[in-house]
Every structure is written in structure tokens, then in C-alpha cells.
Amino acid sequence: MFNETILIEYLPILIFIVLALGISGAAVIGSLLVAKQKPDPDKNAAYECGFDAFSDTRGKFDVRFYLVTLLFIIFDLEIAFLFPWAISLKDIGMFGFWSMMAFLGVLTVGFIYEWKKGALDWE
Amino acid sequence: MSIDREIEMFLAFAWMLGHIIVLIVGVLLGVAYLTYAERKVLGAMQRRQGPMTVGPWGLLQPIADGVKLFSKETIIPSQANKIVFLLAPVILFALALVAWAVIPVDKDWVLANINVGILYLFAISSLGVYGIIMAGWASNSRYAFLGGLRSASQMVSYEVSMGLIIVCVILCTGSLNLQEIVLAPRPIWMQIWLFPMFIVFLISILAECNRAPFDLPEGESEITGGFMVEYSAMTFALFFLGEYANMILMSAMATTLFLGGWLPPFGMWFLDFVPGIVWFGLKTCAILFFFLWARATLPRFRYDQLMRLGWKIFLPLTLLWVVGTAGLLLAFDALP
Amino acid sequence: MSEFGFLDFNLVPLLPEVFLALSAMGFLLIGVSFGDEARRVIPWYALLALLMTGVLVSQVSFDDAIVLGGMFKADAYSGFVKLLIIGGVMATLGLSMRYLEQEHIDQMEFYVLVLLASVGMMFMVSAVNLLSLYMALELQSLSLYVLAAFNRQSPRAAEAGVKYFALGGLASGMMLFGISLIYGFTGSLDFGTLTASMMVMQPVPFAVIFGLVFLLAGLAFKLSAAPFHMWTPDVYEGAPTAVTALFAMVPKLAALALLMRILFEPFAYLVPQWEQIIIFLAVMSMIVGAFGAIAQSNIKRLIAYSSIGHIGYALIGVAAASEGGINAVLLHMLIYMAMTAGTFAVIMAMRRGGRSVERIDDLAGLSRSQPILAYALGILMFSMAGVPPFAGFFGKLMIFQAAIGAELYALAIFGVVASVVAAYYYLRIVKVMFFDEAVLMLDLNVLSGPQRFILACSVAFVLFFILSPSAFIDSTQLAAAALFPGR
């Protein structure tokens, strides 16, 4: 019973997702069909400053983008922990509060380390 | 199963479909006239008139734009990963639509009143990054690639502080359900305490939507439009629509979290006769106006400033605020 | 106010671990804030922190207690192993300080990572829940992955780090799979509850045994027991020598202690099932250790194979499944750590023209240029080979005795044969040092004070162990007895 009511609540969302994907897909395909398509090699070349692209795009890029991603994963996980904690703080009381503070404290140490090491500096 | 029950179920289903279609049409109209409003507001702020030619006061301009974009040729670069290239705008736009499923625009006027509404909203808005990364990667063009990376890091950076702000709010309201968040009692001291978070949230949603002054991913002067550089016709239009739909969504989210959703402002009960959806719309429009206002007045940030603001100012501030909120609520035994 | 049963929240048995973790974090902050000034003092602070942790361990860790909601157990066994771990880590730090300076990788992160790995290992020894076990193991492993690649200028160190990480991740995955099977079929992660359900469930479901096999495979990787040893030679060779010293001494002890706790607490009723696996691992490790090392020309690779072989001997003691067996394993590991510390002091002395060299041939003529070093390494190698009257002999002796006590005659004989084969390559080093002509001389006076001190202690231990073996055997016996309460 419990499971059924939960799932029924999500049924409109499922239908909504299907409809939304359908509409936006239909818009793209409709435009492809309706509009006159006249591809030619120059038009279809990658956008550049008037010359052909020298090489494939997917080479090296700045390592700081990786750093940001890693930081994001750490802090996003932290937020994922914070949500249930925030809801149940009344029940878990002081013990819950200090447990989370210990967790945040450890994370903060890591954060300070990154900050001082310059992982957050661009240029 | 009796006939009555079948009819009942059919009606429920039809009502649901109707609701979805109303939502989609509403969002599309909203987006269309947000673009119009943007041009008008920007025009007014620069002492111009904005679009005036198509229809009375240019009111049909968005429709004309839509028809134009629909009937243009879709250029698919020969180097691109075609399926991913076409899928990216579809996903981005669909995501901007489906997030609306949980937003209560009036009392009990919500498509799916799920108990973890805010989590759903947060999850869907984070998925937007995928659309951008897909677009940047699939285009296989340097500008697009760089724009996609920049945009993704930027959104991801500000999502962290947004998440922490949401934690502050749910600490105060004690529920993940958006209706309950709106209806939760908010004493004055709590509103004052949350006000700085509202400001940070407003700035974060600017960055999250890649809007000026944080519109570096587009950065016409350096990367000529960012991840959208290879897109044309309807695929471009979907990005455009998605961006504006996201703006409206984020404004609605801010309204729901901080401004009391469909309730009359400042607890003015004598205004109760006005339908809730009007209040909801007005509040959302106020925040949307803030979006346009920021675009008209502020110069673009540099990328290092943007990252500094996100990681070195907003993140510590919001983290402190979470700790402070939890500590205060515990200390005064005011947890909901 | 609280409806959860946290009121008996007791941190006292955790004090050493908490202290060490806090110190590590503190050093991280100090190091990153003060930069170069901190770099000179942090090694000493780290040693001091370890010393204090050791004192704390001796004060609180030996009393029986289960805390953290059944996640963490302190008893004489864990206390003894923790002291050994701290001793091994201190020896590593003593060896590393000068070496890191010479290689220009003396960053404070090294010490922080070593301390964090120690915290992980101490938790491993005390884990009495599969969940805390996994967490502890990951804390230890992740720190070690980074340490393996610590020399960022060296492609080989990077290779070692990546290899270790990839294979370690695989092993962790296998372990998790095994844990989930065990959890699925018994409904518990707690060692106590698992013991009870093993007692009731007869016959034990096949899936539980299957899960145990995966768990053992994952642990065997951390132990570098053959056939899960493939990473060992490459990682030992590629990692900076200081890190190799750590790898060779401490994590294996922690993993072995963890293995024994798992086998003798929750799975004590499955001895017939796991004994075969352990015997297989022991035999394979001894074969690989004995024959793999013969062809090596790099001394760090040789030590890697030697460590695989020694883990093989230790596993014989585990397979004996008796108190005497555990006693022998603990003693063997104690002696092995002492010998390894000295050996690495000599390896760190192998520098020519200011650069570290690692070939066995580079030791040629050492007996004439630096006779003290040559005699020290000679004694250590004889002890490694298990020649009486050196300490190494007694470790092996006790293990073979335990095997015979458990009627594993074939295994004991196999062990003896393997150690005879292994003696060949240990003695080859002695031969190179004393009888080969040096082409180029090694640098003189490379070792720092702490390194000399550790070498001296190690050699003294190996030489004089025979005078009072009971001093050590008594404490290992106490520790071993704690795993067999009332039996």
C-alpha cells in the first residue's frame, strides 16, 4: 500500500517527462522536416576564424576544471548528507548536531587546505 | 472493476493530462513574453522603445521569432556527434519543463505533490549541466568545448551554495515538501535571519542560469557564444527557450522558498480574496525583473572573479549559515 | 531528548585514533599555512604525535570494550597490533626524513598521509563490523595510493600509484561484493551477530562461503598474497624508497591482523571451509616468493618477492587455526618488521654521486668500502633466510611448530623447502657484498642519525633476540589469547 501511493504520486511526473521530451523532440524533428536543408562542406565545418580547424578539439584542457569537479563532488555529497540531517535534527538532537559538526569540521580542514594550496585560484 | 471506477480513473487521468498541458503552454507563453519583456525592459533602461513593429507595441514579436527559427535550416557540423548534438537541446529544454511538476502555484494547485519536492527540484536543476556538457562535447568545436566546460564548472560551483541555502531553509521549515515549506510559520526573526541567504540565492541563480553578469559561458567577445556556437534554427531555439524557462523556474523556486509562494505578501490577510496564483505570478515577475535589471546595469564578471565569489565567499558563508541556523534553532528549541 | 541509544557514547577507547586523526589534520593546516618553516618541524611533530598515540594505546586500548554502536572493539589483541603499527610507522618516518630531503620530495603531505594511513590501519585492527572494516581499509588504502605516487617528477612512481590504485580499487570492489553477499544471507554486518548466525545456520548457505571467498580475495590483495600479488613488485620498485619501506612493514601487518580477526571471530565455525583457501594462498605465496625473487636484479623488487614469501609463511600460521598459530604469526610479523626496517636503512644508503641506485650489483665491494653496513645487511639477510641463531629463525620455527600442532605436516614441510630455496637469493646478496669486485663505489656517510639508529636497533634485535625470546613471546601470547576468549 505504502509503495503504491508513493508511486502514484510520481505517475504525473513520468507522463510529464515523456510529454516534455516528446514536445522538444518534435520541435527539432519538425524543423528539420519543414525547413529547407542545404548542407555543404564549408557550412558544416566547425566554427573557426576563417580557416579549417587545425586539429580535433578533444585534447588537453586546463586541469582546474577537474579540480572544480572534484570539489563539487565532495561538497555535493556533503549536501546530500545535510538534507536528511536537516529534516531529522529535532529527533537526533544535540548528538546529531555534533556528529554533523565533526563531519563538517573534517571537510572544512580539507577545504582550507585546498584554499591555501591555491586550488581555488584562477589566474 | 465497475464502470464508475473506470470513469473515475479516466477522469483523473484526463485531468492530469490537462494539467500538464496547461503547465507546458503556460511555461511556453511565459518564456515567449519573457523574451519580449526583456527587450522592452532593456530598451526602456537604455531609453529606446524595444520591438514595436510586429503587432501592437510589438506584442507578436516572440511569435514571429519562433516561426523564423522554426523554418531555418538546421546546420549539423560534419565533425559533430550527430545524435548527442541533437539530443542536448532536447534534454535541456525538457528538463526546464519537467521541473515545474512540483511547483505549487496556488494552494493544492500542483501536478505532483511529492514529499521530497525540493530534492526533486534540486536534482532536475542539477541535471541541466548534462545538456550543456553534451552540447559542448558533441559540437567538436573549440569555442563550444571551452564554453561547455566553463559553463559546467560555473553551474556546478554555484549549485553548492544553492544546496546549502536550501538546507538552511528546510532547517527552518522542517519539510522537503514545497507546499509545507510555503505554509510553515515564519516568525519575523527567522525572516531576518534568512534574508542574507535570499540575497545569496538571488545571485546564485543568476550564475546558475548563466545570466549577466555571469554570462561568461556565452562571452560573445571571447568565445562567441560558448556551447551554443554551432547550433542553429530550432536546436538553438530550444537552448534559448530552455534558458528562459530556467530563469522562470529559478524565480519560482526563490518565490517558493523565501517569498511565501502563493500567500499574500507580508501576511496581509485582508488581501486573501486575490487568487493565490496572482500573488505567485507577481512575486515571480518581481524576481524576473531583477534578472533583467542586473543584465541592463552590471558589466560581465571575469572568470577568476566568478570562481572566487562562488568558492571563496558564497561557500564559506552559506556553510557558516547552515551551522548557525542549526545551532540557533537547537539552542532556542525552535526546530519545526 | 534523544530517542536513539547514544547515551552510552564512550570515546575513551577511541582516544588514540581520535588523537592521531586530529594531529594529522592539525599538521595539514599548520603545514599549509606556514609553508617552508613548518616543513622542518612537522616530521618531528609527527613522530611525537605517534609516540603520544603509542602511550595512549598502552593506556586505553588493552581494556576490553566495544564502542561506536558495535563498530569498534578494543582488546589486548588490537592493542598489541596497534603498538606494532605505531612502531613500524615511527621507524618508517625515522628512515624517511633524510631520504625525502635527498630526493627533494620532503613535503609535509607525506607525513599527513602516513599518519592518516596509520589511523586507518588502527581502525582496521579494531573493526568488528564489516562496515567499519571497509571504511578503515579504504582510509588506509587511499592514503597509500597517494603515497605510492608521491614523487610526482618520476614517471615510474606515477605508474606505481596508478597500478596500485586500479588494482586496489578492483580488490575493494571484490571485497564489497563479498560483504554484500554475506550481509544478504545473514542479515547482519556485525561480527558478534554473524558469529551467532553462523552457529545456528548449519549447513551455512553456499552464498555466505562464496562471499567469504571474495572477502578473502580482497584481503589477500592488500596482503599481497599470491595469486593476488601482481602489483607488489612494480609498486615496490616504482614508489619512493621511503614509501616502499612503509608498504613492506606496516599495511601487511594491519591486513593480516584484520584477516585473523575475521577468520577467528565471525567465521570461526567455518574453519574447514576457509582453511583450504588460506593453505592455497600460503603455498602460492611461498612459491612465488621463493622463485620470483631469484631472477631479480633490483633490490626493491627482491624485497617485494621476499615480502610475498614471508606473507606465505605467516599464512601457514593462520591456517593452523589455533592460538599457537596466531601467536606465531604475530611474532613472525614482529621479527619481519624489525628486519625490514634495517634492510631499508641499508637500501637508503645505496647512493652514488648523490643519486639513489637500486641494483643488487651496486652493492658489490661494500664489505671493503663500508664494512659496518655490509656486516649489518649480511646479518639481516641471514636472519631473513631463517638461519639460526638470528631472530628470523625463531619466527619461522614457531610457525612450523604451530602447523605441526594442527597436523598440517605437508604444509610445514613445504614451508621448510620454500625457505631453503629463498635462502639462495638472500645469500646471493651476501656474496655480492663480500666477494664481488666493485666497479664503482657507493657514496660514503649517506645515512642520517635516525637512520643509523634504526639500523642499529634492527641489527641488535636480530642478534640478541635469542637471549630473551620470552620477552616478546609473552606479549604475543597475551594478544593471541584475546582472540580466543574462553577457549
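Both Arg261(C) and Asp75(C) are buried. In this predicted model, their side chains meet in a salt bridge, at 3.3 Å from N to O. Arg261(C) sits in helix α10 (residues 241-264) of chain C and Asp75(C) in the loop between β2 (72-74) and α3 (76-102), so the contact ties together parts that are 186 residues apart in sequence.

Over all chains, the structure holds 24 salt bridges.

| Pair | N to O distance |
|---|---|
| Arg261(C) and Asp75(C) | 3.3 Å |
| Glu237(C) and Arg301(C) | 2.6 Å |
| Arg368(C) and Glu437(C) | 3.6 Å |

Next, the Glu237(C) pair. The side chains of Glu237(C) and Arg301(C) meet in a salt bridge. Glu237(C) belongs to helix α9 (residues 231-238) and Arg301(C) to helix α12 (residues 299-319), so the pair joins parts 64 residues apart in sequence. Glu237(C) counts as buried because its relative accessibility is 15%. Arg301(C) is buried too, at 18%.

Arg368(C) forms a salt bridge with Glu437(C). The pair links helix α14 (residues 366-369) to the loop between α17 (409-435) and α18 (449-464), 69 residues apart. Arg368(C) and Glu437(C) are exposed.

Shared partners join salt bridges into one network, with Arg156(C), Glu159(C), Lys163(C), Asp234(C), Glu237(C), Lys300(C), Arg301(C) and Glu358(C) as its members.

Last, an alanine. Ala24(C) lies in helix α1 (residues 15-34) of chain C. Its relative accessibility is 0%, so Ala24(C) counts as buried. Leaving out residues up to four places away in sequence, Ala24(C) touches Val112(C), Leu115(C) and Leu116(C). Leu176(C) is 152 residues from Ala24(C) in sequence and 28 Å away in space, C-alpha to C-alpha.

How values were computed: Residues numbered from 1 in each chain as written. Chains lettered and ligands numbered in written order. Predicted model: local features only at pLDDT ≥ 70, side-chain atom pairs only at ≥ 80, totals over all residues. Heavy atoms only, no water. Helix = DSSP H or I, 4+ residues; strand = E, 2+ residues; numbered from the N terminus. Buried < 20%, exposed > 50% of the residue type's maximum accessible area, 1.4 Å probe, protein only. Contact = heavy atoms within 4.5 Å. Salt bridge = Lys/Arg side-chain N within 4 Å of Asp/Glu carboxyl O.
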